[in-house]
Amino acid sequence: MLQSLAGSSCVRLVERHRSAWCFGFLVLGYLLYLVFGAVVFSSVELPYEDLLRQELRKLKRRFLEEHECLSEPQLEQFLGRVLEASNYGVSVLSNASGNWNWDFTSALFFASTVLSTTGYGHTVPLSDGGKAFCIIYSVIGIPFTLLFLTAVVQRVTIHVTRRPVLYFHVRWGFSKQAVAIVHAVLLGVVTVSCFFFIPAAVFSVLEDDWNFLESFYFCFISLSTIGLGDYVPGEGYNQKFRELYKIGITCYLLLGLIAMLVVLETFCELHELKKFRKMFYVKKDKEEDQVHIIEHDQLSFSSITDQAAGVKEDQKQNEPFVSPQPPALADGAADH
């Protein structure tokens with residue numbers, strides 16, 4: 001008897017705080033996923049880094065042996081300056097001296113990466129004025145970009161997602177949930193093909209040092225706004241049509257980001273994902289829900305009446321062969 005009561009009380013406690021338990025498991029799962037990624041990256045990349053360090057030490061030792069007039073501190077000072085300039089996008093190599101980092105097309109590409117929060121890091125402002133302007137430009141531009149992307153994605157989602165799903169649901173009688181799932185999968189496949197596989201093939205042809213995997217890696221890192229900066233297109237030696245190429249990459253990044261947000265919005269509207277997300281949310285109190293319902297009803301009622309009044313006025317104005325009567329004539333007709 002006592003065991004059954006204790007078990008029922010535990011079940012009630014778990015059900016009452018179900019959202020908190022789910023949120024706790026979500027946090028634990030995220031932390032474990034971070035640790036898992038760190039372990040895999042460390043085990044894969046650490047041996048390669050060790051080999052690279054050994055190779056650089058051998059090259060440095062050999063260079064000092066061949067040039068005895070040069071001391072090791074002088075060489076390290078020169079290499080430190082070269083690496084510092086390389087971090088700012090300036091190369092000392094003769095085959096890379098022809099590319100400027102701050103011409104108009106490169107600056108346009110840099111502005112797009114800043115506003116989209118991609119931030120490759122291959123080019124950064126050098127002057128104090130450029131750094132100060134970058135701060136002000138980003139503070140205003142990033143919210144502006146979010147507003148712009150939200151408005152564009154909302155309009156595109158209506159024509160690309162909601163209307164097709166509603167059409168097949170109403171016209172053909174299919175289940176709305178099934179149509180939404182099939183549509184989301186097809187939209188994801190088309191987006192991956194048009195903004196990942198095809199551009200990766202194009203980049204692998206236009207960039208001499210990139211294979212298909214590296215090109216696909218660049219597309220994913222860019223459109224996911226990770227922006228590591230280890231691969232940046234248009235920075236090769238004697239890149240043909242570099243200005244036009246940079247403008248094309250800027251357009252690709254903006255369109256690809258919009259496409260990714262549309263796909264994400266489409267998947268987020270699925271009933272199954274909405275139900276899954278609610279498991280981790282804090283439930284609202286009943287009083288708050290009632291207040292929101294009342295406010296929503298009042299807003300809906302007022303908007304419906306306003307729309308109805310606007311439609312009636314438009315119909316009166318658009319009625320053919322009917323001319324509006326002057327107020328004086330209308331009053332006279334009413335008196336007669």
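**Close-up views of a predicted model**

**View 1. Two annotated spans, residues 215-232 and 244-264.** Over residues 215-232 the chain is 50% helix and 0% strand, with its end C-alpha atoms 10 Å apart, whereas residues 244-264 are 100% helix and 0% strand, with end C-alpha atoms 30 Å apart. Helices are DSSP runs of H or I with at least four residues, and strands are runs of E with at least two, numbered from the N terminus. Both spans are among those that an unreviewed UniProt entry annotates as "transmembrane region", and such annotations may be inferred rather than shown by experiment. This is a predicted model, in which local features need pLDDT of at least 70 and side-chain atom pairs count only at pLDDT 80 or more, while totals for chains, interfaces and linings use all residues. Residues are numbered from 1 along each chain as its sequence is written, and side-chain values use heavy atoms, leaving out hydrogens and water.

**View 2. The salt bridge between Arg-53 and Glu-49.** The side chains of Arg-53 and Glu-49 meet at 3.0 Å, N to O, in a salt bridge (a side-chain nitrogen of Lys or Arg within 4 Å of a carboxyl oxygen of Asp or Glu). Because they are four residues apart in helix 2, Arg-53 and Glu-49 are separated by about one helical turn. Arg-53 counts as partly exposed at 45% relative accessibility, a class that lies between buried (under 20% relative accessible area) and exposed (over 50%), with a 1.4 Å probe and protein chains only.

**View 3. The salt bridge between Glu-76 and Lys-60.** The closest N and O atoms of Glu-76 and Lys-60 are 2.5 Å apart. Glu-76 lies in helix 3 (residues 72-87) and Lys-60 in helix 2, so the pair ties together parts that are 16 residues apart in sequence.
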